[in-house]
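Please consult the sequence and structure shown below alongside the text.

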Amino acid sequence: MNVMNNSSGDEEQVECPLCMEPLEVDDLNFYPCTCGYQICRFCWHRIRTDENELCPACRKAYPENPADFTPLSQEQIAAFKAEKRQRDQQRKAKISENRKHLANVRVVQKNLVFVVGLPPRLADPEILKKHEYFGKYGKIHKVVINPSTTYAGVQGPSASAYVTYINNNDALKAIQSVNNIMLDNRLIKTSLGTTKYCSHFMKNQTCPKPDCMYLHELGDQEASFTKEVGSSTVHTG
């Protein structure tokens, strides 16, 4: 059996059924038993030297030499690798194309609290983490001040913030406790926040930011909506 003749229509990676490691290029045409059961050369050598020398499939003793093994030429190996690279590029391009619509999708985060109406003196992550403010409701993972929503109203400048809790229930406690309270003569409003998909995820790339707060996997479908169809109970970021 020649894998080179069958690889163009098969995009799945071939693995050794024993060690579950991907087959090396040189192993793709390696069939040590007459029954046609394919394993990698490492496992074949291990069975013949350290175990019972029997084929795991048909239980016949392995012959001295592989029953069917045609080493690939350097040209075949190069062609196979080039074909694999092309398939990988096509697969990544297809995934990226299928994720384009996610640019307009927002997903409600049940552990994320969006706060508006904060007085400028509280527009500091370390202050909001304190126990007298949002820290009293549970362990906080991160606080981000949103400077783009700082504005001057009749009560003067105010700011907004995203408070991410470790636990969902803590976020709900914070919303229920803080929403509609007055602070420094300002009305504080809270709601569940939303997040968007990381641009690297949409391109099927690895995100280089270890602390990236955007989504790197598909979110809950029931909690997802396009940003044009926002809800009054959540904030679309």
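Which residues are exposed on the other side of α4? N169 and Q176 are exposed there, exposed being over 50% relative accessible area, buried under 20% and partly exposed in between, with a 1.4 Å probe and protein chains only. The model is predicted: local features need pLDDT of at least 70, side-chain atom pairs count only at pLDDT 80 or more, and totals for chains, interfaces and linings use all residues. Residues are numbered from 1 along each chain as its sequence is written, and side-chain values use heavy atoms, with hydrogens and water left out.

**Helix α4 and the residue after the helix**

- Helices (H or I, at least four residues) and strands (E, at least two) are DSSP runs, numbered from the N terminus.
- The buried residues of α4 are D170, A171, A174, I175 and V178.
- Viewed along the axis of α4, these buried residues fall within an arc of 140 degrees, so they line one face of the helix; the arc is that of the directions from the helix axis to the C-beta atoms.
- N180 follows α4 and has a positive phi, near 70 degrees.
- N180 is placed in the loop between α4 (168-178) and β6 (181-183), and N180 is partly exposed, with a relative accessible area of 42%.

**A further positive phi**

- Most residues other than glycine have a negative phi.
- E53, which is not a glycine, has a positive phi of about 65 degrees.
- E53 lies in the loop between α1 and β2 (68-69), where E53 is partly exposed at a relative accessible area of 40%.

**Aromatic pairs**

- A pair of aromatic rings is described by the distance of the centres and the angle of the planes.
- Searching the whole structure gives three aromatic pairs; rings of Phe, Tyr and Trp (its six-membered ring) pair if their centres lie within 6.5 Å, and planes under 30 degrees apart count as stacked, over 60 as edge-to-face and the rest as tilted.
- Among them, F30 and W44 have ring centres 5.3 Å apart and planes at 70 degrees, so this pair is edge-to-face.
- This pair links distant parts of the chain, with F30 in strand β1 and W44 in helix α1 (residues 41-50), 14 residues apart.
- F30 is buried, with a relative accessible area of 1%, and W44 is buried, with a relative accessible area of 13%.
- Another of the pairs joins Y197 and F201, whose ring centres are 5.7 Å apart and whose planes are at 20 degrees, so the pair is stacked.
- Both Y197 and F201 are buried.
- The charged end of R99 sits over the ring of F201, 3.9 Å from its centre; a charge sits over a ring if NZ of Lys or CZ of Arg is within 6 Å of the ring centre and within 35 degrees of the ring normal.

**D27 and its surroundings**

- D27 is placed in the segment before β1 (30-31), and D27 is buried, with a relative accessible area of 6%.
- Apart from neighbours within four places in sequence, D27 is in contact with Q38, C40 and R41, contact meaning heavy atoms within 4.5 Å.

**Annotated region, residues 192-219**

- An unreviewed UniProt entry lists "zinc finger region: C3H1-type" at residues 192-219; UniProt positions are in the numbering used here, feature names are shortened, and annotations may be inferred rather than shown by experiment.
- The end C-alpha atoms of residues 192-219 lie 15 Å apart, and the span is 14% helix and 14% strand.
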